Amino acid sequence: MALTAQENDDLTRVGPGTPCGIMMRRYWHPVGFTAELKGKPVRRKLLGEDLVLFRDEKGQLGLIGARCPHRGTSLHLGYIEDGGLRCCYHGWLFDVSGRCLEQPTEPAEANFKDKVRQPSYKVEELAGVIFAYLGPEPAPLLPRYDVLVREDGVRSLQGRIASCNYLQMVENTVDQHHFKWLHRTPNTKKWTDPVLTSEYFDYGIRDTFARSGGGERYQTLSYFIMPTMNKTGYHVPESHPCGMAANHPGYEALRWRVPADDTHTMHFTVYFAPVVDGKPTGTIPPDSGAKGVVETTPGQYRYDEATGYLARGDQDRAAQESQGEICDRTIEHLGVSDKGVIMLRKLYKDSMDAIAAGKDPIGTIRDPAKNRIVEIAPGEFKLS
Ligand code: FES
Ligand SMILES: [Fe+2]
């Protein structure tokens, strides 16, 4: 059943005070990479807020409002010096907590600097990823997902931004049948097998789907984890007829679709391949964390010349951006195969209701014992 315009707004708008914005602010979100902070501040948008991410001379991380409270120049153009971040325009200086340390153009005796305060948010680093929390205290724990904390393998990081609302990107993660069509290859022009299972688990939704092709049957198990993450894994042999998996056997990936604002979404990925007998079990893409969140151009997508299909790296973005900046869900026709999408929207609604009732939203972790390592095991398996 299609959503009403109001329901769609409630699920897609992420600014302060909106139902979804309030819910998203109860979770930690990736906002950047350790390697991209090279002595300069970085501009970032998160949940509709203009922010600047920086590391001061002492190595402390800061995430503060980007608009200088003096006359609005963006602090991402500023300089890291004298214990903070100095605005390029008239030299006001801010520390990582948003305190104004200096106003060189104002008389010192006026103490005007003590009357301004820049918004500042909590940040933590894990596995080279910088996570931010924009919500009320006490903040929940930053989840220690297995691939972020395991020490028995190799990792690589990627970040890029897409020009559409986060929800259509997140819906993709529980929309299992898209694998068979959007990601088909010349070997797998047609898949059959409508088997699809979506079920709730502690942190979100566990999705299983089967594919039959070329006389063989495969099963894929992946997880959606509140509020924007999914975990996939590929454990299949090289002979798997699905090109996407055959190119990357033996790794796992965490992927977040983080709302930058209502019409832009940051896509962060952490790849992890265990090392066994001195060799990684899978080939993971090169680490591009030092590049930060890479821009993309909406409407520009590569095609694979050999097949005529959209190229693998652009398939999801093309499908999602073409749904519109914010997909109009009042005109959709959901079928049985959209069960995961329906369950996802309910999960968000239940989390919003929980917050309204004074409780934590679904998937929140506050118990350190539960957070030593959060293990989740996806995979692709050949069925007999
Ligand atoms: S606008 Fe930043 S110091 Fe004036
Ligand atoms: Fe996909």
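## The iron site and helix α8

In this predicted model, the residues that donate to the iron ion (ligand 2) follow the sequence spacing H-x4-H-x132-D. His-183 belongs to the loop between α5 (178–182) and β12 (196–201), whereas Asp-316 belongs to helix α7 (residues 312–321), so this pair ties together parts that are 133 residues apart in sequence.

The protein donors of the iron ion (ligand 2) are NE2 of His-178, NE2 of His-183 and two OD entries of Asp-316, and they lie 2.1 to 2.7 Å from the ion. Around the iron ion, the 4 donor atoms subtend angles of 52 to 144°, and the arrangement is therefore irregular. For comparison, the ideal angle for four tetrahedral donors at a metal is 109.5 degrees.

| Residue | Relative accessible area | Class |
|---|---|---|
| His-183 | 2% | buried |
| Asp-316 | 18% | buried |

Both values fall under the 20% limit for a buried residue.

The second topic is helix α8. Helix α8 (residues 339–356) contains 18 residues, and the distance from its first C-alpha to its last is 26 Å, close to the 26 Å expected at 1.5 Å a residue. Which residues of α8 are buried? They are Gly-340, Val-341, Met-343, Leu-344, Arg-345, Leu-347, Tyr-348, Ser-351, Met-352, Ala-354 and Ile-355. The cover over these buried residues includes the helices α1 (5–12), α2 (19–24) and α4 (166–171), together with the strands β12, β13 (204–213) and β14 (216–225). Just after α8, Gly-358 adopts a positive phi of about 85°.

Key:
Residues numbered from 1 in each chain as written. Chains lettered and ligands numbered in written order. Predicted model: local features only at pLDDT ≥ 70, side-chain atom pairs only at ≥ 80, totals over all residues. Heavy atoms only, no water. Donors = N, O, S within 2.8 Å, 3.2 Å for Na, K, Ca; no water. Tetrahedral: all angles 85-135°; square planar, octahedral: opposite > 155°, others 65-115°. Helix = DSSP H or I, 4+ residues; strand = E, 2+ residues; numbered from the N terminus. Buried < 20%, exposed > 50% of the residue type's maximum accessible area, 1.4 Å probe, protein only. Expected span 1.5 Å × (residues − 1). Contact = heavy atoms within 4.5 Å.
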